[in-house]
Amino acid sequence: MNTLAVLAVLAVSLVTLAVGAVGLRISRTTSDFYVASRAVGPVLNASAISGEYLSAASFLGVAGLVLLRGVDMLWYPVGWTAGYLMLLVFVAAPLRRSRAYTLPDFAEFRVESLPARRVASALVVLIGLLYLVPQFQGAGLTLSALTGSPTWVGAMVVALVVLANVVSGGMRSITIAQAFQYWLKLVALLTPLVFLLRRWLDTGAVHAHLDSRAWVEPMQGPHSTYLVYSLILATFLGTMGLPHVVVRFYTNRDGHAARRTTVTVLGMLSAFYLLPTMYGVLGRVYASDLIASGRTDSVVLELPRRILGGTGGDLLTALLGAGAFAAFLSTSSGLVVSVGGVLGQDLLGRWLGGVPAFRVAGVLAVAAALVLTLLSSGLAVAHAVELAFAVAASTFCPLLLLGIWWRGLTAPGAVAGLSVGGILSSSAVLTVMLGGAPSGWLGAVVTQPALVSVPAAFASMIGVSLLTRAHLPAHLARTLVRLHTPEDLDLDRGSYHPENARS
Amino acid sequence: MTPPEAEPGPRPQRVVVTSPRVGRRRPTTIASEIDAQSTVGEVYMRSLMRIQLRLALTVVGLLAATVGVLPLVFRLSSGVRRMHLLGVPLPWLVLGVGVYPVILALAVFYVRRAERIEADFTDMVGRERGPS
């Protein structure tokens, strides 16, 4: 048991809780969070976005997948970065200008339909839970690697810290906590790497495991062309449809600021994603036994002890543990806030007031994610996250792209596309999570459904919209003015405001 | 890149006469044409959306041509697959490092162009506002 590491994890959790407690005194209502955050500067805001985005999959999962399967896995971080480029060119400014807080807000505003809003809400909950599960899994895995505790303990710790934070209402403070967590994650991954690489180069350790052709050379596995392109489609298009990513865009002052912030985020993500690959390669040299024992996800945490050992190794492991917990806490907080917000407003809002509904919904979201975590242990962390990306790419990506750039989108079209994409991708996800993926081509399609489900969603959204032209939204022209014209022009942008819609 | 003053767009004053909304109020500026959802206003909105969409698709095209083709290149050419640069296998270097500056450059290119398009649009629509 590494006492230093336990202390580091405790410190990160306490700091997160403390920042949340300070926020409690400042912010009382839901809109406090959004409105107050709009005073946030671009670098702080970009740090917060990156801090929220870099999850367990980025901090632990990528290195584990690289160790296990080699160069093709580098498409994960590439895709998670390029996803922000897609978000930038198609969505960032118009989404900010729409003044929607959440994806259901956007759906309701754009196609002027309550059923479309409900379907979008259900999908936010689904994607949010799919994304929460790997965070909890990663926490369990990390704490068990550090202390030997059973895996549910770490999941419980993260769940409780997130709950305490979100339920106490410290939502505004999340911006500051998440910005801090980006820099913590970067330092926590970079510092040990410097020492580890120096030791590797000094000793010139064996390269035996680096020579396997299937690992070193790209595109070697069966169905690799399909699998890699499907992964590319899911990650490039999925980012824009993640509920916790979209909420963050409201914290920009206007459309211009949304674009500038996104470019800064791209720089921060690029800097971070240079690091996990190296851990994967080092893992291949020093920790290839993790492949046989099925514990590749913990390679990042294992390396300092194996390569350096002693107090130095313990210190660096503690730093990595702190960084990993920062990843779980920041991403989980963001997800619980957005899932809780949607659940509270669309499901519980009828019986409870705004803030109590939000708190109950937060508890429900965390509890559901915990149960799913216990049921689905054994799935690689990065792959579980990737499934959430596939669902987002098959549902909200078509809604956003067509909603912003195509006049023809109707409410029935939106509902049809969301349903077809959601059902196709989530049935594939369920099959994988329950361990029932068949072999051969069908298995490839089920493990990476995006290349099938994304075109199907687009086709049904466009097709049904064309068949229901009579249902074009009444305020379409005003909506498009709001989405596309710069804020400094004095134009009539219609009256929609999410605060009025959410009652 | 033409300076905004040299924009050869249609002169709005001339079309105002044909506006269908003369009965309610007399639109004299592009901003009011857009507010009134007149044909002229629609033309301006459509052209703004078309230019922005074309820019976005250009960026996607460039991304596909640089990053998107890599799996195919690796698949088809065993030479590229096994090439080394500075002692590191080329695919690792490209996917682990080289792709990121390309993505960043595309982002910067996009933001500059998009902001310019909007500045031109503001000039065109805003210039007409003033004493009328």
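Student: At what angle do helix α7 and helix α8 of chain A pack?
Tutor: In this predicted model, helix α7 spans residues 103-111 of chain A and helix α8 spans residues 114-147 of chain A. Their axes lie 8 Å apart, and the angle at which the two helices pack is about 160°.

Student: Are α7(A) and α8(A) roughly parallel or roughly antiparallel, and which hand does their crossing have?
Tutor: Angles over 145 degrees count as roughly antiparallel, and the angle here is about 160°. The pair α7(A) and α8(A) is therefore roughly antiparallel. As for the hand, the crossing of α7(A) and α8(A) is right-handed.

Student: Which residues of α7(A) and α8(A) make the contact, and how many of them are nonpolar, polar and charged?
Tutor: From α7(A) the contact draws on A:Leu103, A:Pro104, A:Asp105, A:Ala107, A:Glu108 and A:Val111, while α8(A) contributes A:Leu114, A:Ala116, A:Arg117, A:Ala120, A:Ser121 and A:Val124. Sorted by class, the residues in the contact of α7(A) with α8(A) are eight nonpolar, one polar and three charged.

Student: What is the C-alpha separation between A:Leu114 and A:Pro104?
Tutor: A:Leu114 belongs to helix α8 of chain A, and with a relative accessibility of 43% A:Leu114 counts as partly exposed. Along the chain, A:Leu114 and A:Pro104 are 10 residues apart, and their C-alpha atoms are separated by 9.2 Å.

Student: Where is A:Glu112 found, and what is the value of its phi?
Tutor: A:Glu112 sits in the loop between α7 and α8 of chain A. The residue is partly exposed, its relative accessible area being 31%. Although A:Glu112 is not a glycine, its phi is positive, at about 50°.

Student: Is A:Val158 buried or exposed, and which residues does it touch?
Tutor: A:Val158 has its place in helix α9 (residues 151-167) of chain A. Since buried means under 20% relative accessible area, a value of 0% makes A:Val158 buried. Leaving aside residues up to four places away in sequence, those that A:Val158 touches are A:Phe136, A:Ala139, A:Phe325, A:Phe328, A:Leu329 and A:Ser332.

Student: How many residues separate A:Val158 from A:Val366 along the chain, and what is the distance between their C-alpha atoms?
Tutor: A:Val158 and A:Val366 are 208 residues apart along the chain.

Student: Which residues does A:Ala145 touch?
Tutor: A:Ala145 lies in helix α8 of chain A and counts as partly exposed, at 33% relative accessibility. A:Ala145 and A:Val299 are 154 residues apart in sequence, while their C-alpha atoms are 9.7 Å apart in space. Residues up to four places away in sequence not being counted, A:Ala145 touches A:Ser298 and A:Leu301.

Student: What share of the residues in chain A is buried, and what share of its contacts joins residues 24 or more positions apart?
Tutor: Chain A has 24 helices and zero strands, and buried residues make up 64% of its 503 residues. Among contacts in chain A with a separation of 6 or more, the share from residues 24 or more positions apart is 84%.

How values were computed: Residues are numbered from 1 along each chain as its sequence is written. Chains are lettered from A and ligands numbered from 1 in the order in which they are written. This is a predicted model: local features need pLDDT of at least 70, side-chain atom pairs count only at pLDDT 80 or more; totals for chains, interfaces and linings use all residues. Side-chain values use heavy atoms; hydrogens and water are left out. Helices (H or I, at least four residues) and strands (E, at least two) are DSSP runs, numbered from the N terminus. Buried means under 20% relative accessible area, exposed over 50%, partly exposed in between (1.4 Å probe, protein chains only). Contact means heavy atoms within 4.5 Å. Axes are lines fitted to C-alpha atoms, for helices over the stretch in contact, and angles run from 0 to 180 degrees between N-to-C directions. Angles under 35 degrees count as roughly parallel, over 145 as roughly antiparallel, 65 to 115 as roughly perpendicular and the rest as oblique. A crossing is left-handed if the near helix is turned anticlockwise from the far one by less than a right angle, and right-handed if clockwise. Ala, Val, Leu, Ile, Met, Phe, Trp, Tyr, Cys and Pro count as nonpolar, Asp, Glu, Lys and Arg as charged, and the others, Gly among them, as polar.
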